[in-house]
Amino acid sequence: MAHSLKVKIILIIFLTTSLSIAVFLVFQNVITAKLFKTPLQNEILAVVKLSVSSVDGYTHMMEQKASDLALAGEIFYSARKGTPSKNLDAEMEKYLTDNLTSFPAAIGGGLWYEPQKFYPDKKYYGPYVFWENGKVLFTWDLTTPEYDYFTQSWYTTALPLGWDRTKKRERTHYWTAPYYDEAGSFMLMSTVDAFMYDEQRVIIGLSTADWSIEDMLTFLRNSRPTPDSGILLVDTNANIILTNTLATTSTMKSVETVSWMSAFVEPEKGNVKITSTNIDGITYDAYYVLTEAGMLYGMLVPSRVLLDAVSQLTTSNIIGFLTFNLFLIAVLYFALLKVTNPIIKLTNIVTRIGAGDFAVKMNVESQDEIGQLGMGVNKMVETLSFQKEEIDKREALLVSNIKELESFKSLLEDKVIEKTAALTLQIQETQSRSEELQKFQLAVEHTSQHVIITDVEGKILYANAAVVLTTGYSREEVLGKKPSLWGGLMSKEFFADLWRTIKVEKNSFSGEIQNRRKNGEMYTATTIISPIVDMNGAVKFFVGLETDISKQKALERVLVNEKERIEGVVVERTRDLQNEHARLLAAINSLSFGFIIADMDDRVILQNSAMSELFELSGGPITISNIAQLVGAHFDLKMQIERCFTDKSACVVNEVIFGKKFLRGTIAPVVSGAVGEKIGYVLLFEDITEAHVLDRGRDEFFAIASHELRTPLTAIRGNMSLIEDYYQDKITDKEVLEMVHDTNSAASRLITIVNDFLDVSRLEQGRVTFQVSDFSAHELVDEVIKNITEVAAIKGMSVKREKIDGDCLVRADRDRSLQVLTNIISNAVNYSEHGTVTVGVAQDDEFVEFDVSDEGVGINTLNQSLLFRKFQQAGESVLSRDVTQSTGLGLYISRLVIEPMGGKIWLKRSVAGEGSTFAFTLPLARKKIG
Amino acid sequence: MISEYSIKLNFMNINSRLICLVEDDPLIIRLYQRIFKLNNYELKVADNGEVAITLLSGLAELPVVILLDIMMPKLSGFDVLKFIKENENIKSVPVIMLTNLASKEDHIRALDMGAAMYLVKSHHTPKELIGLIESFLAQHKEGTSPIAA
């Protein structure tokens with residue numbers, strides 16, 4: 001206990017000291033900055049400002065003097081203008097010398113008049129006087145035209161710098177760069193120029209005043225806070241006038257060559273800006289400002305200077321502070337020990353009294369508050385020791401009483417626990433029983449079955465919700481009544497049996513009974529009645545269960561009816577099918593061609609008698625392999641069957657040869673409708689021998705007819721034209737020659753007629769094969785026009801083609817197309833008396849259209865509809881036909897040719913007296929895919 | 001039969017002017033004899049297929065062209081054409097079908113079998129025929145006959 005007080009005191013002292021040190025450490029930077037850094041920076045600022053004001057003073061003075069000199073120049077100009085003098089130079093020199101005496105600080109000065117301003121005929125510039133300490137050293141005559149002051153680069157070139165460029169232009173006075181004398185006579189010099197104006201404020205030239213600025217620069221160089229600080233003065237031309245190293249550098253530098261100049265961004269006039277910049281790895285605080293004259297003054301102080309000063313101060317501060325604190329701790333500790341020691345002693349005594357030791361006594365050493373406290377304690381010990389004895393006695397009595405009470409209490413507690421356990425058990429049992437009963441009751445109440453409980457007499461004690469629902473009686477109407485309220489419709493024997501079973505035999509009764517609802521409706525129910533017997537075997541009451549099965553009964557009846565109906569339908573349909581089958585069989589059997597249905601395994605399912613007859617198979621079943629063998633030489637049956645399944649369509653083979661017969665075979669796949677499953681195939685064979693023979697005959701007829709007709713005609717025409725071509729001069733009689741000519745024409749026409757007739761027949765019977773190829777419609781037209789031009793020219797007509805774009809590639813029989821186009825163009829020429837026949841070709845997405853227009857008489861409306869018929873010309877009737885022209889088959893043949901090739905032919909236009917246009921189309925050649 | 005219809009012609013130049021005509025109709029034979037004579041050709045005639053084969057097998061000099069009818073007794077023009085094209089000695093001689101069968105099928109069949117040209121007699125006058133044959137021969141000589149290609 002005594003320890004803790006001391007510890008506390010030490011802790012308090014320690015904490016207080018630590019806190020003060022911590023506060024010091026945390027705020028020492030702020031404190032140091034407040035105390036040391038700002039004053040230092042202010043000192044530097046003061047130096048900067050002093051330097052700037054020194055520059056300003058200099059500037060001001062120099063500008064003033066330059067301005068005075070300019071004024072003098074203006075006065076001289078005004079006085080001497082227009083009065084030429086041979087002594088003008090001398091006059092001006094004197095004038096200058098007089099004026100320069102007022103510039104003791106100057107080292108020189110001059111007046112520079114712009115050429116042509118003073119005397120236009122003379123290249124006059126002005127003199128310059130060198131001056132030192134009010135004494136003229138020598139004059140420099142610059143009247144030679146070679147010396148063009150105004151084109152000197154240092155005059156015209158002001159290097160662009162952000163801060164002075166525009167300002168410089170506003171000024172009338174400005175600095176030029178300082179420069180060195182080559183001989184080294186002058187150290188540093190700066191020049192101020194001032195413009196001179198005439199009365200109209202037009203610049204006539206300028207005055208120049210030169211000063212030594214060595215004094216000023218020396219002052220600036222010395223005004224640095226530390227030797228390693230930098231200093232800078234830049235004139236308005238952005239030339240560096242002064243840096244630290246100026247004394248040893250003889251070449252002026254432009255600021256553009258100094259990389260760190262970029263640190264001085266937009267300085268302000270009179271307002272010092274401070275920034276930080278890094279040069280060669282050293283951080284500087286840069287102070288910079290614009291002087292009154294627009295020069296840049298800058299000072300670079302290494303940041304380390306300030307930091308060093310501050311950190312030195314900080315270290316000594318901490319050491320001093322810590323030493324002081326340690327001393328303070330020691331003093332405080334010993335002072336406090338003097339107070340705490342008596343308190344600790346007193347505490348020890350009181351502690352012992354507390355433990356019952358009343359023999360102790362305080363040794364009082366002093367009369368202060370602690371001494372008085374010691375005496376008080378001694379007195380208190382005496383009183384306490386007496387009272388303690390009294391208390392001990394009473395305590396002994398109390399202890400014996402308490403023991404007695406405690407034994408009685410524990411007895412009572414045991415009894416209570418025992419009783420509580422018994423009661424809890426009882427309550428739990430009762431609860432679980434009542435829950436079970438409730439569940440059971442709910443189940444019975446809400447089951448869909450009737451549940452009735454009656455007494456031994458049959459009076460209803462309980463009826464559930466289903467009873468109310470089915471019978472239509474309310475629960476109140478039912479209770480106390482007998483079930484005969486809705487039952488009782490069965491026979492006496494039924495009830496006798498019932499009662500005997502449940503009452504006498506005491507067994508359950510079950511059966512189906514008829515009941516009546518309250519609304520009179522009858523219903524059927526199954527019932528189960530069970531007697532409930534007590535322990536002595538006496539019936540206590542009956543439980544009846546009933547299920548309404550009337551709906552079920554009704555459904556059964558419907559099902560029975562439906563079944564009968566369907567059976568009837570089945571019988572009927574079966575009969576229909578049988579009839580159908582019989583008809584089909586009869587039909588198949590009556591077919592003139594052979595018919596077989598086979599399944600996928602080539603088993604014959606159905607065949608007709610014609611099949612056997614066709615293949616001359618008497619009796620015995622026909623098999624597919626049998627037929628395949630019979631026709632095998634010309635017809636691969638198996639392969640064809642496979643093909644028809646792959647193609648999913650019927651295939652027909654015309655040239656099946658069996659013995660002397662020609663057969664046409666057809667195979668068709670049989671596919672089940674819904675799923676498309678292949679289930680078999682149909683095989684048909686038809687005897688086409690007769691048709692085949694007929695066909696052959698017709699073919700031969702055409703060949704022979706055409707040949708036999710042409711041959712004599714060839715002889716007639718050939719001989720006639722021989723006479724015409726080779727022997728005309730041998731015939732003296734003109735009549736004979738004319739006869740020969742007529743015969744020749746007739747033979748020609750006859751040949752044409754024969755050809756046309758044969759062509760028509762063959763086309764009509766579809767016996768013409770078209771040799772389809774892709775060809776150019778343009779070329780076709782060109783070819784026909786070439787062939788026909790000569791004939792047309794005889795009539796004084798011409799045939800031309802319209803110019804059309806597009807390749808117009810046609811897919812058709814080229815020879816046949818040529819035939820049609822020739823026919824139409826020939827018609828156009830033949831049926832016109834004059835004019836031009838125009839052929840056009842146009843192409844759309846599917847067809848190429850050929851248009852042939854003439855300028856003939858046109859075709860009357862009546863005849864237009866007959867044009868493409870057989871033997872029709874544009875004439876009136878058969879009897880009035882113009883037989884000299886043609887057979888009248890041309891357009892008919894054209895139509896027969898064009899249509900099978902997928903095109904059409906028609907009269908497009910016909911106007912009486914103006915002409916007609918015939919048109920036909922041919923399909924466009926499709927570009928090959930891929 | 002050969003001697004009956006063959007006529008000796010004067011040679012006008014050293015180039016061969018020999019032409020074989022296979023034709024059964026006397027009217028036509030006479031017609032063509034006239035026109036070829038008029039144009040200085042020597043014409044050897046066979047009046048049916050069998051005679052044609054005999055004639056062609058025994059020729060001392062190859063004709064410049066064989067004119068071949070189709071519809072003839074005994075052997076047809078196609079049979080003769082087949083014989084010519086299978087016979088090494090004469091298969092190089094161009095064959096021009098000269099017939100009155102005008103069907104496209106016959107035309108194509110003949111060209112397929114190696115005929116160089118197909119002419120329908122009734123379509124041309126004898127003068128035209130000479131013109132056609134001569135222009136064909138001119139082209140054939142140059143080896144650039146478009147028809148035989």
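Modeller: An axis here is a line fitted to C-alpha atoms, for helices over the stretch in contact, and angles run from 0 to 180 degrees between N-to-C directions. Helices are DSSP runs of H or I with at least four residues, numbered from the N terminus. Keep in mind that this is a predicted model: local features need pLDDT of at least 70, side-chain atom pairs count only at pLDDT 80 or more, while totals for chains, interfaces and linings use all residues. Residues are numbered from 1 along each chain as written, chains are lettered from A and ligands numbered from 1 in written order, and side-chain values use heavy atoms, leaving out hydrogens and water.

Let's zoom in on α18 (residues 814–830) and α20 (residues 890–898) of chain A, whose axes come within 10 Å and cross at roughly 150°. That makes α18(A) roughly antiparallel to α20(A), a label for angles over 145 degrees. Their crossing is left-handed: the near helix is turned anticlockwise from the far one by less than a right angle.

Who touches whom? From α18(A), A:R816, A:Q819, A:V820, A:N823, A:I824 and A:N827 meet A:G890, A:L891, A:I893, A:S894, A:V897 and A:I898 of α20(A), with contact meaning heavy atoms within 4.5 Å. By type, that's six nonpolar, five polar and one charged residue; Gly counts as polar.

Chain A averages 78, and 82% of the residues score at least 70. Residues 143–173 of chain A are below 50, though, and residues 246–252 of chain A stay under 50 too.

Note on methods: Helix = DSSP H or I, 4+ residues; strand = E, 2+ residues; numbered from the N terminus. Parallel < 35°, antiparallel > 145°, perpendicular 65-115°, else oblique. pLDDT = per-residue confidence, 0-100.
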